[in-house]
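The following paragraphs are intended to be read alongside the coordinates. Please keep the sequence and the model in view.

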Amino acid sequence: MTTPLDIFTIDMPREMRSYLRSYGYNFNRKACEFAVNRMKRTNPATGKKEAIEPLSKENVEEMLRKHGIKIENNEGHNFVYAANMVKADFWKSSIEDEAHMAKMVKDIIDDPDNPGGNLFRKWLADADALGFVIDWEEIL
């Protein structure tokens with residue numbers, strides 16, 4: 001059984017509190033890299049989970065520029081996390097090419113029903129459900 005995240009509202013680790021004071025519920029560069037480096041996708045040929053080749057901030061910015069996409073509501077590295085999440089979860093399935101990946105990143109970040117911080121909160125919930133430890137000191 002996993003521990004729900006709301007248990008930390010009273011006794012939150014000091015480093016987590018420091019991170020949230022600095023960045024809110026948004027990815028900084030280190031947190032994004034930490035999260036993305038744990039992303040996997042199922043290889044259709046083998047059926048096995050494999051690590052993705054991460055997209056850098058520069059890669060994602062170039063992809064968005066190339067396809068004329070402007071993101072209005074990004075904070076920190078949220079858009080980089082979103083692009084890598086799309087790559088891990090939807091690439092060559094629901095998302096068939098780079099142009100549609102760029103559009104989906106914009107849709108995720110600029111979704112009016114998905115206010116800032118929801119991607120980070122989802123990552124926290126997923127980490128909790130999977131039971132992996134977040135080294136808050138490492139991502140500060």
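In α4, the residues N78, F79, A82, A83, M85, V86 and K87 meet M101, M104, V105, I108 and I109 of α5, where contact means heavy atoms within 4.5 Å. Helices (H or I, at least four residues) are DSSP runs, as are strands (E, at least two), numbered from the N terminus. The model is a predicted one, in which local features need pLDDT of at least 70 and side-chain atom pairs count only at pLDDT 80 or more, while totals for chains, interfaces and linings use all residues. Residues are numbered from 1 along each chain as its sequence is written, and side-chain values use heavy atoms, with hydrogens and water left out.

Two packed helices are described by the angle between their axes and the distance between the axes. For α4 (residues 78-89) and α5 (residues 98-110), the angle is about 125° and the axes are 9 Å apart; axes are lines fitted to C-alpha atoms, for helices over the stretch in contact, and angles run from 0 to 180 degrees between N-to-C directions. The two helices, α4 and α5, are therefore oblique to each other, given that angles under 35 degrees count as roughly parallel, over 145 as roughly antiparallel, 65 to 115 as roughly perpendicular and the rest as oblique. The loop between α4 and α5 contains K92, whose phi is near 65°, a positive value in a residue other than glycine. With a relative accessible area of 57%, K92 is exposed; exposed means over 50% relative accessible area, buried under 20% and partly exposed in between (1.4 Å probe, protein chains only).

The next region is α1. Its buried residues include M16, Y19 and L20. Seen down the axis of α1, the buried residues fall within an arc of 95°, so they line one face of the helix; the arc is that of the directions from the helix axis to the C-beta atoms. These buried residues pack against α2, α6 (118-130) and α7 (136-139). On the face of α1 turned away from the buried side are the exposed residues R14, R21 and S22.

Just after α1, G24 takes a positive phi of about 60°. N26 lies in the loop between α1 (14-23) and α2 (29-36). Is N26 buried or exposed? At 14% relative accessibility, N26 counts as buried. A polar atom of the N26 side chain lies 3.1 Å from the backbone oxygen of Y23. Leaving aside neighbours within four places in sequence, N26 is in contact with Y19, E75, N78, G117 and F120.

Note on methods: A polar contact is a pair of N or O atoms within 3.5 Å; within protein, one must be able to donate a hydrogen and the other to accept it, and residues adjacent in sequence count only if both atoms are side-chain atoms.
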